[in-house]
Amino acid sequence: MIQNSSLNTILRDRTAAGRTLVEPLLKYAHRPDVIVLALPRGGVPVAYEVATALEVRLDLMLVRKLGVPSQPEFAMGAIASGGIQIVNEGALRVHPIDQDTFDAVVARETRELSRREHLYRATRAPVVLKDQVVILIDDGLATGASMMAAIHAVRLQAPSRIVVAVPVAPLETVEALRTEVDELVCPLIPEWLMSIGYWYVNFTQTSDEEVIDLLRRAWQRESSTGTALQEGSDA
């Protein structure tokens with residue numbers, strides 16, 4: 001499902017953005033084979049609202065954008081857990097980067113990915129995605145490089161279905177990703193996207209503490225309702 005809302009639509013914050021995704025995803029509610037994977041950090045508050053409303057599991061897909069050194073918000077690629085690396089060739093044509101510089105960015109972002117993996121998950125085993133319906137959620141997409149890396153990482157685990165759900169993304173990115181997944185949900189598709197934050201009233205950075213708190217609340221809910229995550233040791 002792809003929706004195209006009025007360009008006057010402004011999202012209040014990430015919590016409100018998550019609520020815009022609930023109705024299009026209602027068919028996945030209360031299903032034990034469904035898991036919502038958030039792209040930290042900004043995707044976690046959005047995904048928390050979806051997972052809570054649908055009463056399905058919540059976990060993480062750790063991805064790091066490879067920003068151009070002179071323009072960090074411009075993605076020249078992305079990495080994801082499992083050694084996945086995506087290169088944005090178009091970005092590298094616009095911003096030529098030598099190999100040593102590129103490798104240095106990859107090394108830095110790999111360290112940050114590992115830090116977040118340890119901080120957010122601690123000793124919790126990765127979720128098993130084989131034969132599961134996976135809903136990937138972020139707070140918005142620009143180039144889509146990070147989400148593409150997430151898709152590739154999920155596909156390696158042979159899920160039964162991959163769904164991407166984001167509150168806002170430009171048409172070009174939506175069209176590029178739509179062919180990579182089974183379903184794409186995006187309520188707000190502006191003709192141009194100067195930045196994701198432009199479409200939010202409040203787009204303050206999500207902290208590590210907020211991510212940890214939301215995950216703790218979601219995992220406690222799942223445990224208390226008997227929908228505990230399938231862990232790697234269950235495979």
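A pocket is an open set of grid points with protein on both sides within 12 Å along at least five of seven lines. This model is predicted. Its largest pocket holds about 1100 Å³ of space. The second largest pocket holds about 230 Å³.

**Largest pocket**
- The lining of the largest pocket is made up of 39 residues.
- Nearest the centre of this pocket lie Lys-65, Glu-73, Asp-139, Ser-146 and Ile-196.
- Two strands, S3 (63-68) and S4 (71-80), each give two or more residues to the lining.
- Helix H4 (99-121) and helix H5 (145-155) also give two or more residues each.
- By class, the lining has 17 nonpolar, twelve polar and ten charged residues.

**Second largest pocket**
- About 230 Å³ of space lies here, and 15 residues line the pocket.
- Closest to the centre are Leu-60, Met-61, Ser-81, Pro-126 and Gln-157.
- Strand S2 (57-60) and helix H4 each give two or more residues to this lining.
- The lining divides into nine nonpolar, three polar and three charged residues.

- Tyr-198 sits in the loop between strand S8 (183-185) and helix H7 (208-224).
- Tyr-198 has a relative accessible area of 39%, so it counts as partly exposed.
- Patch residues need over 30% relative accessible area, and Tyr-198 has 39%.

Notes:
Residues are numbered from 1 along each chain as its sequence is written. This is a predicted model: local features need pLDDT of at least 70, side-chain atom pairs count only at pLDDT 80 or more; totals for chains, interfaces and linings use all residues. Side-chain values use heavy atoms; hydrogens and water are left out. Helices (H or I, at least four residues) and strands (E, at least two) are DSSP runs, numbered from the N terminus. Buried means under 20% relative accessible area, exposed over 50%, partly exposed in between (1.4 Å probe, protein chains only). On a 1 Å grid over the protein atoms alone, a cavity is a set of points where a 1.4 Å probe fits but cannot get out, and a pocket is an open set with protein on both sides within 12 Å along at least five of seven lines; lining residues have an atom within 4 Å of a point. Grid points are joined across faces, edges and corners, and a volume is the space filled by probe spheres set on the points. Ala, Val, Leu, Ile, Met, Phe, Trp, Tyr, Cys and Pro count as nonpolar, Asp, Glu, Lys and Arg as charged, and the others, Gly among them, as polar.
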